[in-house]
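Here is a short report on one protein chain. Look at the structure first, then read on.

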Amino acid sequence: MKNKLPALDLLTMLIAIALTSIGLVFVLSSSFVWAEYKFDDPFFFFKRQLLFAGIGVVGMLFISRIDFRIYKKYTTQFFIASFVLLSIVLIPGIGLVRGGARSWIGVGAFTIQPSEFMKLGLIMFLAKYMSNNIEDAKTFKRGLVPMMAVVLAVFADIMLQPDFGSGMVLVATSIIMLFVCGIPIKFFGYFALAGVAGIGGLVISAPYRLARITAFLRPFDDPRGAGFQIIQSLYAIAPAGFLGRGIGNSVQKYFYLPEPQTDFIFAILAEELGFIGSAGLLIAFLLFFVRCSYVILKTKDLFAKYMVVGIMSMLMVQVMINIGVVIGVLPVTGITLPFMSYGGSSLTITLLSIGIILNISRYMEA
């Protein structure tokens, strides 16, 4: 007789489904004007997001039943496949250019973004390396250097697209994982100096990045150009008040805020639900991260522990950057809001990652 699987972590699953459901509501609310104008179908974006949400939820439940130790066995293969896919996107004729970045591959009527798969692939790779080499991983030469070499190789590949936002999420997630692994803080000082110099060079080398920094500092100096998005985002949030305008009643989605269903969906949510709705969403994210932290503390298997650290860090960094951009405290980076922003690859990978956490939570005391 087969052993019965331990009980599913219903709280984590319900929070994930609730966030996905809220995202679907606001993808529809924020996109129907633009969708009707561009595609003559107000439900164009919503139907696609609903499809990927369904695929993602089914995948999440399926993945939650697969023993996490199997992921460790095939980590290297998944990482290599993700890296190859990330490199293929650079080939003209295969990679699709959007917003100045060659970051997508067309698959029939849909597109996939390889960098989303790479996020999970890199997390799995680092988790396996750290768990298999726990003592060496804490050293500079045998731990920090080889792991950061892999991280920087992935970052360089992404920057060839270029996709600075996804690159920063990958690097930030990796640093958090390395910190949790126990690498001495002093070692990070060397990479911090190199990182500051590298980021400075990347900003200076690309005029549009420098324009984003300038727009962040003084958006009203160029209200029709580099400062346009952040100004329109603030115009959505500022008058919302305590309760907002009500669901569906946003003004900024009427061609003021460009494609609001993507990176700036939080601005539409804030405009329609006000302070109460915005705070409620942040509390939901906080509950999710608290629950992930509980799983991390209770999990004894090192690979599983580092996997949850990586997935939680990836989502937490994206939430902080996205909302920071929308409210004007960070420069525009093109980072989506997990569970919320329109994008099939992002939503599907996010839900599959939650499936991994759900499986790990089944064996927290194992």
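Phe 188 sits in helix H8, which spans residues 185–205. Helices here are DSSP runs (H or I) of at least four residues, strands are E runs of at least two, and both are numbered from the N terminus. The model is predicted: local features need pLDDT of at least 70, side-chain atom pairs count only at pLDDT 80 or more, and totals for chains, interfaces and linings use all residues. Residues are numbered from 1 along each chain as its sequence is written, and side-chain values use heavy atoms, with hydrogens and water left out.

**Around Phe 188**

Is Phe 188 buried or exposed? Its relative accessibility is 15%, so Phe 188 counts as buried. Buried means under 20% relative accessible area, exposed means over 50%, and partly exposed lies in between (1.4 Å probe, protein chains only). Leaving aside residues up to four places away in sequence, Phe 188 touches Leu 144, Ile 175, Leu 178, Phe 179 and Ile 183. A contact means heavy atoms within 4.5 Å. Phe 140 is 48 residues from Phe 188 along the chain, and their C-alpha atoms are 9.6 Å apart.

**Cysteines**

A disulfide is a covalent bond between the sulfur atoms of two cysteines. Here the test is a pair of cysteine sulfur atoms within 2.5 Å. How many disulfides does the whole structure hold? The search finds zero. Cys 181 is in no disulfide, and its nearest cysteine sulfur, in Cys 292, is 19 Å away. That is too far for a bond.

| Residue | Relative accessibility | Class |
|---|---|---|
| Phe 188 | 15% | buried |
| Cys 181 | 3% | buried |
| Cys 292 | 1% | buried |

**The whole chain**

The protein chain has 13 helices and three strands. Buried residues make up 49% of its 366 residues. Among contacts with a separation of 6 or more, 72% join residues 24 or more positions apart.

What is the radius of gyration of the protein chain? It is 21 Å, which agrees with the value near 21 Å for a compact globule with 366 residues. The radius is taken over C-alpha atoms, and the globule rule is 2.2 Å times the number of residues to the power 0.38. Along the principal axes, the C-alpha atoms fill a box of roughly 55 × 55 × 40 Å.

The accessible surface of the protein chain is about 16,700 Å², and 70% of this belongs to carbon and sulfur atoms. Such areas come from the Shrake-Rupley method with a 1.4 Å probe.
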